[in-house]
Amino acid sequence: MNIKTLPLLFGAAALLAGTSTAVIAQELQRGASVLDRPRPELDPLGIRQGGFLIFPKIELGTTYDDNVFASDTDEEGDFLFQVLPSVAVQSDFNRHQLRFGAGADIGRYADNTSENYVDYFVTGGGRFDITGESAVSLDLAHRKLHDDRGDPDTPDAAAEPVEFTRSGAELEYTQRFNRFLTSFSLGAENEDYDDVASIGGINLDQDDRDNWAYTATGQIGYDLSPGYRPFVRLTYIRTEYDEGTLPPDSDGYEAVVGTTIDLTSLLTGEVFAGYLSRDYDEEVYGDFTGVAYGLSLDYAVTQLTTISGDVSRGIEEGFGTTPNPRDRSTFQIGVDHELLRNVILSARAEYRIDDYESTDREEDFYLLQAGATYTLNRNFYLRGTYTFSRRDSNQAGDDYDRNLIALRLGAQL
């Protein structure tokens, strides 16, 4: 498969956009997609507890993966069985807001039990409305995750997936002055990787991947006219690694100008462009400067079909046998169509380019996905997806193709 395959998905999107239905859909809210559309007869009611609504949910799923280890030459298929419990809690206050969430993803393979995992997350946050024109918000998150076998940073010789935790906090202040809307945020995030044994029983030290990232972002926007809010945004990020002979500690800068778009709720989102740089403490990595750009748009083709698109570019810290920063550009497009009131069809395509700074390594990643969600009633739903992914690399043995067929049954209150 190559990039020429992507028009097939776009053609499917156009076909979905033209599909007619006799169902009279509830009006799409401004900036919402078909997936977000309120469905009073199908949406879960939640459990009211004082001024809070509690939404418990559990999913049971199975996935067939035809290339569990994301291998170029030794493909091995297996069934993955998952249990995914979660709960979301949100306040129902007239002013201010509190929200909490927790969940887990427990995966067990039929044959390749070395790939079994238990991931989980805990999140919390809220917003304090100081006045009608100003507010302070706080978001906290702690997640225990694992590297997918197709991740370019995971060691090829690892006997099992690399596990790590990611914890972060962000504090943001927003203030409106007439037509000006300003915001300033501070954030901190920590990643802590566990060591993993190799296939031969040797310990693979992952401590050089442990890091802290500190961010500061300021933005000022102006309500120029209905539907447009031009803005200027400045971002600084400091990344520090806990260990390593030559840790890729760095200072990152990004300055962009752009605008939010809201055209009668049909086309919403933002687009921006500007300058980015990454200055490394160690000269071996070399500093990077380039064009920053991004786009995030949602287009309501009809009341039954929405198309979304995202484009982004950034510098990331890549890892292999040694640290290897990469220039990553990502392009995504998705379409959601309400075929029936309780049947949603979805399709997505992604293309990603990784250009590594310290070596001549280059990789292209492709993903195509299609699926459907069938809501039986407000308490039960069924979802099926097919996903194809491919990595093309100029490094021998790093290519792979992968097909996943997944089916999930969900229950919610």
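The structure is a predicted model, in which local features need pLDDT of at least 70 and side-chain atom pairs count only at pLDDT 80 or more, while totals for chains, interfaces and linings use all residues. Residues are numbered from 1 along each chain as its sequence is written, and side-chain values use heavy atoms, with hydrogens and water left out.

Glu163 forms a salt bridge with Lys144, and their closest N and O atoms are 3.3 Å apart; the term requires a side-chain nitrogen of Lys or Arg within 4 Å of a carboxyl oxygen of Asp or Glu. Because Glu163 lies in strand β7 (residues 163–177) and Lys144 in strand β6 (residues 134–146), the pair ties together parts that are 19 residues apart in sequence. Strands (E, at least two residues) and helices (H or I, at least four) are DSSP runs, numbered from the N terminus. Lys144, with 12% relative accessibility, counts as buried.

## Further salt bridges and a network

Side chains of opposite charge can pair when their charged atoms come close. Over the whole structure, a search finds 31 salt bridges. One of them joins Arg328 to Glu316, with the closest N and O atoms 3.3 Å apart. Arg328 lies in strand β17 (residues 326–340) and Glu316 in strand β16 (residues 305–316), so this pair ties together parts that are twelve residues apart in sequence. Arg328 is buried, at a relative accessible area of 14%, whereas Glu316 is partly exposed, at 30%.

Arg348 and Glu350 also meet through their side chains in a salt bridge (3.3 Å, N to O). Here Arg348 is partly exposed, with a relative accessible area of 28%, and Glu350 is buried, with 9%. A network of salt bridges links Asp153, Glu316, Arg326, Arg328, Arg348, Glu350, Arg352 and Asp354.

## Cavities

Rolling a probe the size of a water molecule over the atoms shows where empty space is left. On a 1 Å grid over the protein atoms alone, a cavity is a set of points where a 1.4 Å probe fits but cannot get out, whereas a pocket is an open set with protein on both sides within 12 Å along at least five of seven lines; lining residues have an atom within 4 Å of a point. Grid points are joined across faces, edges and corners, and a volume is the space filled by probe spheres set on the points. The count comes to three cavities of 30 Å³ or more.

The largest cavity holds about 50 Å³ of space, and its lining consists of Gly150, Pro152, Arg352, Asp354, Glu363, Asp364, Phe365 and Arg391. Strands β18 (343–356) and β19 (362–375) each supply at least two residues of this lining, with the largest share, three residues, coming from β19. By class, two lining residues are nonpolar, one is polar and five are charged, where Ala, Val, Leu, Ile, Met, Phe, Trp, Tyr, Cys and Pro count as nonpolar, Asp, Glu, Lys and Arg as charged, and the others, Gly among them, as polar.

## The second largest pocket

The second largest pocket contains about 860 Å³ of space. It is lined by 34 residues, of which Thr154, Pro155, Asp156, Ala158 and Asp398 are the closest to its centre. This lining divides into ten nonpolar, eleven polar and 13 charged residues.

## A nonpolar surface patch

Phe177, Phe180, Ile220, Tyr222, Leu224, Tyr228, Val232, Leu234, Val257 and Leu263 make a nonpolar surface patch of about 880 Å². Patches are made of residues with over 30% relative accessible area and no salt bridge, nonpolar side chains (Val, Leu, Ile, Met, Phe, Trp, Tyr) being joined within 5 Å and like charges within 9 Å; accessible areas come from the Shrake-Rupley method with a 1.4 Å probe, and for residues only the protein chains shown count as cover.

Strands β11 (211–222), β12 (228–241) and β13 (250–263) are the elements that give two or more residues to the patch, and β12 provides the largest share, three residues. Tyr228 is placed in strand β12 and, at 36% relative accessibility, counts as partly exposed.

## Positive phi in two loops

His96, a residue other than glycine, has a positive phi near 65 degrees. His96 is found in the loop between β3 (78–91) and β4 (97–109) and is partly exposed, with a relative accessible area of 26%. Asn178, although not a glycine, has a positive phi of about 55 degrees. Asn178 sits in the loop between β7 and β8 (180–193), and its 71% relative accessibility makes it count as exposed.

Conventions:
Buried < 20%, exposed > 50% of the residue type's maximum accessible area, 1.4 Å probe, protein only.
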